[in-house]
Amino acid sequence: MSAKASITKYSDIVSVALNGEEMLLSLLYDVSEDGTYTEGVFAVSRHRLCVVENGRLVLAENIENIEKVCLGEYTGGGILEAFTVKGRKQLVRFSMKHIEEFTSVCEIINDLAKGLEPVINEKAFAEDRVCPKCGRAYIKNTTVCTHCSDKFSVFKKLFKIAKPYKGLYITLLLLFWITSIVTVVTPILSKHLINDVLNIKNASITTLLIIVGLMLLTTVISMVVSVIRSIISSKASNLLVKDLRNHIYEKLQKMPLSYIEEKKTGDLMQRINNDTQRIQTFIQDIAIMAVNEICLFIAIAVITVYLDAKMSLLIFLPMPIALYLIGKIRLNIRSRYHKQWRKMDKMTNRLTEVLNGIKVVKVFGREDDEINRFKKTAGDVRNITCANEKYVYTIFPIIKFIMGFGAYLVLLFGGNKVLSGSMSVGELVQFSTYGGYLYSRLEWFSMLPRHFTMALVSSQRVFEVLEEEEQLDGDIKASADKAEGSFTFDNVSFGYKSYRRVLKNIEESVKKGEMIGLVGHSGAGKSTMINLIMRLYSPDRGKILLDGSDISEYNQQDYKNLLGVVLQESYLFSGSILDNLKYAAPKATLEDCIIAAKKANAHDFIMELPDGYNTYVGEKGYKLSGGERQRISIARAIVANPKILILDEATASVDSDTELKIQDALKKVTKGKTVFAIAHRLSTLKNADRLFVLDNGKIAETGTHKELLEKNGIYASLLRAQQEMATRGVTIDNSDKIKEEITPTQFINEGEEFDNEQD
Amino acid sequence: MENILDFISPSDTLFYETKSGLLCLKYKGEDIGRVSVLRMFPFMYEEEYLCIKSENYSREDKEKEIGILRSLAEIPENQLEMVKRELAKRYFVPEITSVEKVSEEFGHTMWEVTTTAGVREFTVTDMSSNVRNMGNNRIMLIDVYGNRYYIPDITKVDDKALKILEIWI
């Protein structure tokens, strides 16, 4: 039963419990207080809330009695608790299935308790996470119901994509028909060869020549056709796969970051590479051939019936048994190989892991353990592979035997007929050739469902990406041309998982040209705030306004062009320094690039490289130091002269000397721009106009460095803690680098000092 | 190694419940209020190595660890039940007692099971990461929403389920 129907069922009780008030929201929950599954309704009106379980009112409460509610996220579920005038109490318990909805409920009740107008985010309560037909859960982040999805619709979509190459596919089909005719004709020629030439004394040599000539001709035709067919089918399927890959890649680029981060990189790569490959194999080797083979199978079956109805029964009767056995064996083989593949996977994974972490293995002296562990995994792989091969080598001859069995029956009865004179030798040969053909196809047919499923799953996975909702521009109401760079955070809340808020009710405004330093413990929400400003994620509640307009009302591309971003990990793509500089602004001139590099203090070191701005960097290119990479990424950020600059730990992984250079560069480039900077060193942020001190997802303090120190709050205590740690760092670690680098007031963010030591 | 762990002495603890069944603690005479009890090794010990934290929501600051309770067996009978109830709330991992129906499609498995918490239908996707081997033939299934289901002995589940699961463990 759908959630709506269940809720309607109890609407009478709910309505009474809410004192007849209009219901603001109602939703199902699934765990009773004693920890068993149940069906209950949780409903809220403006002044009341109630819980109805199995048709019985369990709890009703006036919201004015509630100070606040909070949601406890536990293993396998959660509990909504209320702080009431009479103390704390549990309102409702639910499994993870409902936790997102209850997160929103929690916020709504808190709004109501504070007397505010509640913000009801319809999306959180949408029923689109279960299939409306069967009520089963959709696959996460999709609207694919594994139970109800129309299997053929997937192939229909595939055909749609193949449409431009219709001509090629029709040609292929025709070519297959030529091969089929040859297949049917060859046994007829054999019959004539035996009956009209070999079996007759003094047969004419001309007949022999004609028949052998025709046989040769059919072979040549079939050879030529097969060559042409292969060329065309490879062309057709490659074109299709190219299209599919392009579609997916294009789609991925347009997808919100949250989608890509949620999927594993490996999974997405798999979809672009392997799944499309599998679709290609299916179309190239299976699909067209299947159409043809099925037709041919029927045609030959009809011919055998026409030739000798009784004897054809001998061919057909054992067929279902053979098909059943083959299918059963195949299933078994598949599950065995699946297991083998998993074991191999385990071995490869461990191998990659250990080789990547070989330093750790050696440092802790665990080589012997690793050797033993590997021996065991390799042994497991050996055992399962041996067992599987033994099975396959035993079972395949049996399959062959089953296949050939019909042919023995035909020979037995057919031979008898030849002996009694009611059938010629040639006819018997022709008949048994057809019979052999039918049986040999059986094995191929028995594999069809598997190929079919594999292609279906792959197609489904590919289309799942293709049909995913893109991050679309909303109504574009604001123009980025006139943007100046003032920001307002209007009650912004956000969580990567909506039930775990990272930012809570952020209310703040930033003037144009102001430099804001974001400060706080790690995990306080600094990077998240920046992610929201960069529009990598959208707030769950509230708005971020740029010059008075919601940032989502700007055209995506135009908005991004306003931003210059320097990230902590200064990722450079393979290519020249120039390519990397121009990545953010393809239209930048060479002069622009040099100016940017100069401002970023990168020009000097670039000119020391033998290839200057054409120096190849990236994975296999010139090894730049952390500081050099960072300065290039600063230059990249400013090539397009952005209005807003975002610096996420821009000086995190460099030594103090380099930091000075970067500091100097940043001072030059931040002038006149609105800047949001996260940095864990005070020196970076002392120029900031204001500091936002984030604590547990909220802005706890704002002000200049001096003001905050005077306030003696979180910021001051953070600072003290870091001074202590910095001093400790000097005494513990005597390396020159550390001594030089750490001066007592340098750190701002507690616990992040280790980042430095790694580089 | 210097022992810096705060093990809670049972003689210092007095667990009590509020009227609506929330677990609270008086520790060394101080009323801590609402506490949470966390398993430190949930896959190994259910009633040993329990971390006790004060959970004061009203102050919005981070949870404070009171200490570690070495074993539930150490605390008096009347308090034992309360802590067990709290654990059952915090770790809602129903045990699958029988598999009524299981099917596999598109690499997703659909389950209809009877658990210690009642009858339930759920779907598991991405089997390689959502079928967890806890050792000693114990398996944890995690469904699309993140709910967990515990199978205490994989060798005792029915054949069809075993066939599906054994590939992933």
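Which residue is the bridge partner of Ser98(B) in β7(B)? Select Ser98(B) and follow the pairing across: the partner is Thr114(B). The stops below start from this pair.

**Before you start**

This is a predicted model, in which local features need pLDDT of at least 70 and side-chain atom pairs count only at pLDDT 80 or more, while totals for chains, interfaces and linings use all residues. Residues are numbered from 1 along each chain as its sequence is written, and chains are lettered from A and ligands numbered from 1 in the order in which they are written. Helices (H or I, at least four residues) and strands (E, at least two) are DSSP runs, numbered from the N terminus. The predictor gives the complex an ipTM of 0.90 and a pTM of 0.69.

**Stop 1: the sheet of chain B**

Show β6, β7 and β8 of chain B. These three strands form an open sheet in the order β6-β7-β8, with antiparallel pairing. Two strands count as paired if DSSP finds at least two bridges between them; β6(B) and β7(B) are joined by eight. The edge strands are β6 and β8 (118–124) of chain B, each of which pairs on one side only. On average, neighbouring strands of this sheet are turned by 15 degrees against each other, direction ignored. Axes here are lines fitted to C-alpha atoms, for helices over the stretch in contact, and angles run from 0 to 180 degrees between N-to-C directions.

Contact means that the C-beta atoms of two residues, placed from the backbone, lie within 7 Å.

**Stop 2: helix α3 of chain B**

Select residues 159–166 of chain B and colour by burial. A residue is buried if 20 or more other C-beta atoms, placed from the backbone, lie within 10 Å of its own, exposed if 12 or fewer, and partly exposed in between. Ala161(B), Ile164(B) and Leu165(B) are the buried residues of α3(B). Looking down the axis of α3(B), these buried residues fall within an arc of 95 degrees, so they line one face of the helix. The arc is that of the directions from the helix axis to the C-beta atoms. Their cover includes β6 (96–105), β7 (108–115), β9 (131–135) and β10 (138–142) of chain B.

**Stop 3: Ile142(B)**

Stay with β10 of chain B, the strand that holds Ile142(B). Ile142(B) is buried, having 21 other C-beta atoms within 10 Å. Leaving aside neighbours within four places in sequence, Ile142(B) is in contact with Val124(B), Asn130(B), Arg132(B) and Arg148(B).

**Stop 4: chain B by confidence**

The mean for chain B is 85, and 93% of its residues reach 70 or more. Among its elements, confidence is lowest in helix α2 (residues 127–130), at a mean of 82, and highest in strand β11 (residues 148–151), at 94. Residues 57–61 of chain B have pLDDT below 50; beyond near neighbours in sequence, this stretch has three contacts in the model.

Zoom out to the whole chain. Chain B has three helices and eleven strands, and buried residues make up 23% of its 169 residues.

**Stop 5: where the chains touch**

Show both chains. The contact takes 31 residues from chain A and 32 residues from chain B. On the chain A side, the elements that give two or more residues are β5 (66–74), β6 (77–84), β7 (87–95), α11 (319–356) and α14 (425–466). β7(A) gives the most, with five residues.

Keep β6(A) and β7(A) selected. Eight bridges join these antiparallel strands, and a hairpin connects them through two residues. Gly78(A) has Phe94(A) as its bridge partner in β7(A).

**Stop 6: two loop residues of chain A**

Most residues other than glycine have a negative phi. Go to Arg535(A), where phi is positive, near 65 degrees, in the loop between α15 (526–533) and β11 (541–546) of chain A. Arg535(A) counts as partly exposed, with 18 C-beta neighbours inside 10 Å.

Finish at Asn641(A), whose phi is also positive, at about 50 degrees. Asn641(A) lies in the loop between α20 (626–638) and β16 (644–648) of chain A.

Note on methods: pLDDT = per-residue confidence, 0-100.
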